[in-house]
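Thanks for coming. Please have the sequence and the model in view.

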Amino acid sequence: MVQKYQSPVRVYKHPFELVMTAYERRFPTCHLIPMFVASDVVEEENSEDGSTQKVERRCALDVDAPRLLKRIAGVDYVYFIQKNTLNRKERTLHIESHNETFSNRVIIHETCCYSVHPENEDWTCFEQTASLDIKSFFGFESTVEKIAMKQYASSIKKGKEIIEFYLKELEDEGITHVPRWTPSSLPLPPSRPTSLTTSPPVLPKLPVTPTITIPLPADAKDSTTQDANNDGTTPPPDSLMENPAGTPEDKLDADYIKRYLGDLTPLQESCLIRLRQWLQETHKGKIPKDEHILRFLRARDFNMDKAREILCQSLTWRKQHKVDYLLETWTSPQVLHDYYTGGWHHHDRDGRPLYILRLGQMDTKGLVRALGEESLLRHVLSINEEGLRRCEENTKVFGRPISCWTCLVDLEGLNMRHLWRPGVKALLRIIEVVEANYPETLGRLLILRAPRVFPVLWTLVSPFIDENTRKKFLIYAGNDYQGPGGLVDYIDKEIIPDFLGGECMCEVPEGGLVPKSMYRTAEELENEDVRLWTETIYQSGSIFKGAPHELLIEIIDASSVITWDFDVCKGDVVFNIFHSKRAPQVPRKDALGAHGITSPGGNNVQLIDRSWTLGQDYSMVESPLTCKEGESVQGSHITRWPGFYILQWKFHSMPACSATNLPRMDDVLATLQVSSHKCKVMYYTEVLGSEDFRTACCDVQSLGSMTSLESSHSGFSQLSAATTSSSQSQSSSMISR
């Protein structure tokens with residue numbers, strides 16, 4: 001498996017020429033990097049006007065690897081080739097390096113770039129990417145990979161210190177300014193190849209045969225020169241699509257990460273940047289905020305594939321149920337204001353928002369009977385959305401990253417009535433939804449005055465709580481919370497609520513029994529639940545191999561506009577649009593059942609009869625569009641004829657190799673990855689008259705951003721706020737992804 005690394009943008013608040021002077025001081029060797037033994041200039045070339053310089057070096061590293069591994073490899077040093085291209089006119093330095101030893105067994109490649117800050121010409125930016133691919137290494141592939149990634153991560157951190165050291169050295173020598181290159185500058189001496197033997201440093205005389213595959217060249221590490229500034233930080237972006245101040249384009253700045261996201265290891269930063277880039281590519285910029293992406297990465301121990309899967313599922317869920325609009329649209333019923341014993345109360349010692357829940361005083365049965373499970377769930381979701389908002393506010397107020405909150409649960413009064421089965425069922429469902437969509441938002445859970453019945457409730461609930469979340473629980477029985485190691489260790493004494501022996505008045509309702517006159521019948525609650533949670537403009541469709549999902553749209557007036565917005569939730573699909581003059585037969589739902597195959601849930605409708613012939617009974621009006629898993633697609637089609645239009649989502653099969661009828665290995669692997677040959681889409685369609693379409697286009701253009709027509713309901717709003725940029729076809733149809 002190829003290991004990849006992508007750095008954030010590191011900013012040196014020094015001019016490019018001064019940083020380059022500091023950079024050159026680390027050659028031919030650097031005492032700050034003990035493993036960097038020596039380097040030789042193999043070839044040097046200068047342009048006639050002196051504006052461009054190309055230098056190729058051969059570097060030797062003394063890798064910190066087990067002696068046994070070195071003996072098996074038969075070498076003591078690792079050699080790398082580093083090629084630098086310095087453009088004094090454009091003020092850029094491009095560095096490319098790769099391993100020379102064991103290049104047939106291991107491929108290590110790194111590229112780095114120093115450039116002028118786009119908003120301040122007296123600052124210098126640094127970026128770095130690297131990849132490690134171990135094909136074979138005497139059976140020690142896993143060990144070598146761990147050694148390589150560990151030392152590479154260490155060298156990345158060291159790089160910043162090295163450049164800062166030489167910048168300070170220059171300052172001590174009175175060198176604080178290096179003039180820029182100008183055409184009138186004297187040209188540099190002509191290029192001259194330099195052999196290893198004539199170079200000042202003497203490399204250890206070792207065979208240029210394989211050596212142990214380890215990190216990238218120490219030189220490239222200098223590229224490691226990830227210089228994040230010590231003073232001053234980048235202000236947070238006002239929206240997800242705005243670039244953080246001081247950051248080139250839309251890339252993450254190292255100072256911004258430290259200030260607003262916290263201290264991350266280089267590999268953790270890389271995971272965040274790569275997942276963010278993937279979301280930008282597949283979701284057209286409609287991505288959640290960096291803090292939220294980071295929460296999903298932390299929830300899966302920075303396994304990018306696993307984090308991407310659960311994050312995409314959560315984004316689809318948010319979009320389907322319009323969760324992003326919840327704080328603006330959800331109004332809590334009066335019964336919740338009166339009897340739901342929870343509320344926000346200042347913050348803890350770490351600056352985290354503090355939520356207090358007096359669970360022991362809550363009539364869970366009465367609330368479920370009066371409101372229904374769905375209303376309680378929506379109320380809890382609104383609490384979590386408010387928690388996200390408060391975390392952002394506290395990050396600004398306290399000047400440090402705050403991404404989670406503290407919850408204090410008072411269990412005084414908890415008894416067997418709280419174990420009412422429908423109430424426990426509602427609690428478990430709420431936990432399940434919150435765990436899936438708000439990971440790593442709970443910083444600490446303080447459970448106070450736990451009674452004897454609590455172990456019973458804990459036994460029922462704990463299996464549904466993530467292990468990492470359970471580690472954040474602190475449980476106090478009786479009045480143990482009042483002593484040392486208790487509540488005062490986590491909450492300032494001045495804000496401890498009065499009902500816990502403090503002096504601060506708490507506005508959390510005291511609760512009580514919900515009057516039975518407010519109870520509602522099962523039928524009323526069922527209808528309410530449907531109204532609350534199926535009230536979504538999106539529908540879902542399941543696609544199977546040989547069984548596409550199709551949607552019928554009847555057009556009366558020509559020149560109408562069919563618009564669509566869909567997300568590919570699982571698998572890869574091919575999207576088609578067909579036209580027919582005659583109406584299809586009654587839809588065949590879950591057609592797989594006719595073949596004795598049970599559809600594993602989901603909606604599958606097929607409209608095109610197998611007896612129909614393409615080109616006679618129906619025609620294709622759009623070129624097929626292949627859509628990958630995770631992509632969000634919006635588009636429109638201007639109809640030419642009245643009749644029946646069929647939107648089709650079909651299972652995407654990899655084409656077989658043209659030279660043989662046997663399937664390719666890629667085909668087999670792709671088949672194994674799509675369980676049961678099932679794909680899933682979530683879609684919304686709308687038909688507009690031509691006049692309405694032109695009006696909508698003019699409205700969008702007046703906002704300065706014309707894309708293919710997109711439903712106003714498809715944005716991610718608060719959590720995924722962003723603008724959408726999509727390509728537009730000028731023909732009769734427009735498809736954007």
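Arg91 is buried, at a relative accessible area of 7%; buried means under 20%, exposed over 50% and partly exposed in between, with a 1.4 Å probe and protein chains only. Before going on, note that this is a predicted model, in which local features need pLDDT of at least 70 and side-chain atom pairs count only at pLDDT 80 or more, while totals for chains, interfaces and linings use all residues. Residues are numbered from 1 along each chain as its sequence is written, and side-chain values use heavy atoms, with hydrogens and water left out.

Back to Arg91. It sits in the loop between β5 (78–87) and β6 (92–99); helices (H or I, at least four residues) and strands (E, at least two) are DSSP runs, numbered from the N terminus. Arg91 is not a glycine, yet its phi is positive, about 60°. Asp301 also has a positive phi, about 50°, and is not a glycine either. Asp301 belongs to the loop between α7 (290–299) and α8, and with a relative accessible area of 64% it is exposed. Most residues other than glycine have a negative phi, and most peptide bonds are trans.

Pro28 is in the loop between α1 and β3 (36–46). Helix α1 itself, residues 16–24, is mostly covered, with seven of its nine residues buried. Those are Phe16, Glu17, Leu18, Val19, Met20, Ala22 and Tyr23.

Next, a charged residue in a helix. Lys319 lies in α8, residues 304–320. Is Lys319 buried or exposed? Its relative accessibility is 2%, so Lys319 counts as buried. Its side chain makes a polar contact of 3.3 Å with the side chain of Asp567. A polar contact is a pair of N or O atoms within 3.5 Å; within protein, one must be able to donate a hydrogen and the other to accept it, and residues adjacent in sequence count only if both atoms are side-chain atoms.

Now the packing. Which residues touch the most other members of the largest nonpolar core? Of its 49 residues, they are Tyr340, Leu367 and Leu411. A nonpolar core here is a set of buried Ala, Val, Leu, Ile, Met, Phe, Trp, Tyr and Cys residues joined through side-chain atoms within 4.5 Å. Among the elements that each supply at least two residues are α10 (334–339), β10 (353–357), α11 and α12. Tyr340 touches, among others, Tyr355, Leu367, His379 and Pro509, leaving aside residues up to four places away in sequence; contact means heavy atoms within 4.5 Å. There is also a second, separate core of 36 residues, including Cys30, Leu86, Phe126 and Phe137.

Helix α11 (residues 364–371) and helix α12 (residues 373–398) pack at about 110°, with axes 6 Å apart. Axes are lines fitted to C-alpha atoms, for helices over the stretch in contact, and angles run from 0 to 180 degrees between N-to-C directions. The two helices are therefore roughly perpendicular, the class for 65 to 115 degrees. From α11, the contact uses Leu367, Val368 and Leu371; from α12, Glu373, Ser375 and Leu376.

That is the end of my tour.

Terms used
Parallel < 35°, antiparallel > 145°, perpendicular 65-115°, else oblique.
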